[in-house]
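Here's a walk through a two-chain model, one selection at a time. Get your viewer ready and follow along.

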2 protein chains.
Amino acid sequence: MAEEQAFACHVDAEELRCFIEQALEIRGADEPSRQAVSRALITASLMGTDSHGVRLLPHYLKALSGGRINGAPQLRLNRRLPGTAVLNADNAFGHLAGYRAIQHACDMAREVGIGAVAVSHSSHFGAAGCYALAAAEQGMIGMAMCNSDPFVLLHGSKRPFHGTNPIAFAAPVEGDNPLLLDMATSAIPWNRVQQYAAIDRDLPPDIAATTTGETTTDASQAEALLPLGGAGFGFKGAGLASMVEVLSSMLANMLNGFRLLPMAGPDMTTPRGVGHFFLVMNPEGFTERAYFQARMQEYLSDLRGMEPVQGRQVMAPGDREWEQRKRRSQQGIPLDWAQRDAYRDIALQLGLERLNEHP
Amino acid sequence: MAEEQAFACHVDAEELRCFIEQALEIRGADEPSRQAVSRALITASLMGTDSHGVRLLPHYLKALSGGRINGAPQLRLNRRLPGTAVLNADNAFGHLAGYRAIQHACDMAREVGIGAVAVSHSSHFGAAGCYALAAAEQGMIGMAMCNSDPFVLLHGSKRPFHGTNPIAFAAPVEGDNPLLLDMATSAIPWNRVQQYAAIDRDLPPDIAATTTGETTTDASQAEALLPLGGAGFGFKGAGLASMVEVLSSMLANMLNGFRLLPMAGPDMTTPRGVGHFFLVMNPEGFTERAYFQARMQEYLSDLRGMEPVQGRQVMAPGDREWEQRKRRSQQGIPLDWAQRDAYRDIALQLGLERLNEHP
């Protein structure tokens, strides 16, 4: 969402992917971990989800070096019933856990029509949309959710209780990009507050609060987010966050987000025990695929045909992301000044060749 | 949400249940239909969801008499895969379709861990929370969704596109009432706008719009609702509404909400083809029930222990509803003046004994 002029340079996506994998390898991550992390970060950055994209590599390297994240995990799937399973991630990168879990859910959905996997002992997985998208790319309807440490006020609470607890949903569209929703249940994601602070940009009103629970537009003063719906209707965002919490932590027998160690540290040695939840549905478990696809196309055509308010644009969920992906696949992934410096530092520290920085 | 002083009288819940069933019987509804409608309306009214409670009986009687709703339907379940099914509701009351579908989903979840039922050829089902609750009462995690005719703007559209497309979620809590979320993906439900108009009360800002897409606080001028998130963040509410639409209409091979006949008529003879979606998860498909319950209790205790902002109260999803249910089970269900007159009219027209109206 940050404007293009705030960026320092652009970097080719494939070059960035290689750089990320090399850096992770040097810090001890095995091949499946490296591939999952680079896939998720590049996917997010290409779609314009900069808050959850390549910006996060320095953080992940710290968590890996510190021992919080296990770079060579043994993931264990326990399929307790034909449509449900729990995946113990052995403190893996959340990205590896996420791609594995959504694949298991797809496999179950092919067999019994629907599949859900709760993930235990995991870590930050980046953008939830990556995993929902991975299901849609196989012709399935996918959902992904995750808890996190507290950043978001309850409706009426002084201090944060829930994480930004995202919900992602993707559905396949024949001959087109999937429908894709990826949203925090707070008004904006926490990472975006940090990003606004980094570029010294004002936050919209009624979405963030200081330590005393007062709302603020100064990103550097923001210590908590309001739930989606703001001061008046935040019980809805808080309720959705509760749903995410129940599915992500309780089904995985993990601590709820309020009890998690903070993502930002300072402790980078203790595994955090993040929980995720993945749900996949096979459209053919409900109707003929041709009917489903015809209805999807009719719906999206109806939606995109709606007249916009002057100066606005009507888009289906994901349309903005596919536009960005098209542009960035050609022009490269933009880095802001802080990110560019961070990547230069990593290159220096790890003895890697510096990325080619284009204007 | 309307203040108690706006009510004309209170009526005993059991008496109201009998009255509703008698009225429906006279208009030709069979026993399963009568029981399902009265159960859903009384459940909603007891929980304080007045917009979707006993207020709707006059509307349902019209739809039944007109032939839009089939009072003696033959529902047909097609379980296409072990965890997924479609229920053709034969233009039944949505309440009957809803209770049947969530029961089928519970049965599948007991067997394979998870079950989802898409419902085709249905009608308005009242409050989505009723069906999620029915699953939680069996120790299951339940979800319910429904499309409707357009009331809600897209993010940036001039005219309404989505229905209020509700999402309900309920999870069982041992020895306590379930966690229950029941929310429209608009900022407020459309029925509540009508209710505010009836009692001449101002709407909050940034949640409703006139025919030209301008926001308004005058309930009588409101012709459309903004999606949850309002003018700034409505892409989230609109995205959630898309998710509901895909699951409720596309999986059931029904028309999307934009193409539905309006609930309010004037056509009360043509079935509308409303779609619903129900999802049930068995906690035991993921972890031991004892672990799940311990985590739920820990979470709710953490949540309810949070310090509120001065003058506010911190509540878990459903807490407000259970308080209302306790009060109304003792004091009766309140009727506003319009509802009281409507129930008097029904008694007169159908030759039923008038309800005992308490202050």
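Start by selecting residues 57–66 and 337–350 of chain A, which are helices α3 and α10 (helices are DSSP runs of H or I, at least four residues, and strands are E runs of at least two, numbered from the N terminus). How do these two helices lie relative to each other? Their axes come within 10 Å and cross at roughly 40°, with axes taken as lines fitted to C-alpha atoms over the stretch in contact and angles running from 0 to 180 degrees between N-to-C directions. Angles under 35 degrees count as roughly parallel, over 145 as roughly antiparallel, 65 to 115 as roughly perpendicular and the rest as oblique. So α3(A) and α10(A) are oblique to each other.

Now show side chains there: A:Leu57, A:Pro58 and A:Leu61 from α3(A) meet A:Ala342, A:Tyr343 and A:Ile346 from α10(A), contact meaning heavy atoms within 4.5 Å. That makes 6 nonpolar residues, no polar and no charged (nonpolar is Ala, Val, Leu, Ile, Met, Phe, Trp, Tyr, Cys and Pro; charged is Asp, Glu, Lys and Arg; the others, Gly among them, are polar).

A word on ground rules: this is a predicted model, where local features need pLDDT of at least 70 and side-chain atom pairs pLDDT 80 or more, while totals for chains, interfaces and linings use all residues. Residues are numbered from 1 along each chain as its sequence is written, chains are lettered from A and ligands numbered from 1 in the order written, and side-chain values use heavy atoms, without hydrogens or water.

Next, color by chain and look at the interface. Here 83 residues of chain B touch 83 residues of chain A. Together the chains bury about 7200 Å², 69% of it on carbon and sulfur atoms (the accessible area, with a 1.4 Å probe, that two parts lose on being put together, summed over both). On chain B, pick B:Lys236, B:Phe286 and B:Tyr299, which lose the most area to chain A.

Zoom in on A:Arg80 and B:Glu288, whose side chains form a salt bridge at 3.2 Å, N to O. The two chains share 8 salt bridges (a Lys or Arg side-chain nitrogen within 4 Å of an Asp or Glu carboxyl oxygen). Then select residues 230–250 of chain B: this is helix α7, which gives the largest share of chain B's side, 11 residues.

Last stop: the peptide bond from A:Gly265 to A:Pro266, which is cis, with omega near 15°. Find A:Pro266 in the loop between α7 and β12 of chain A.
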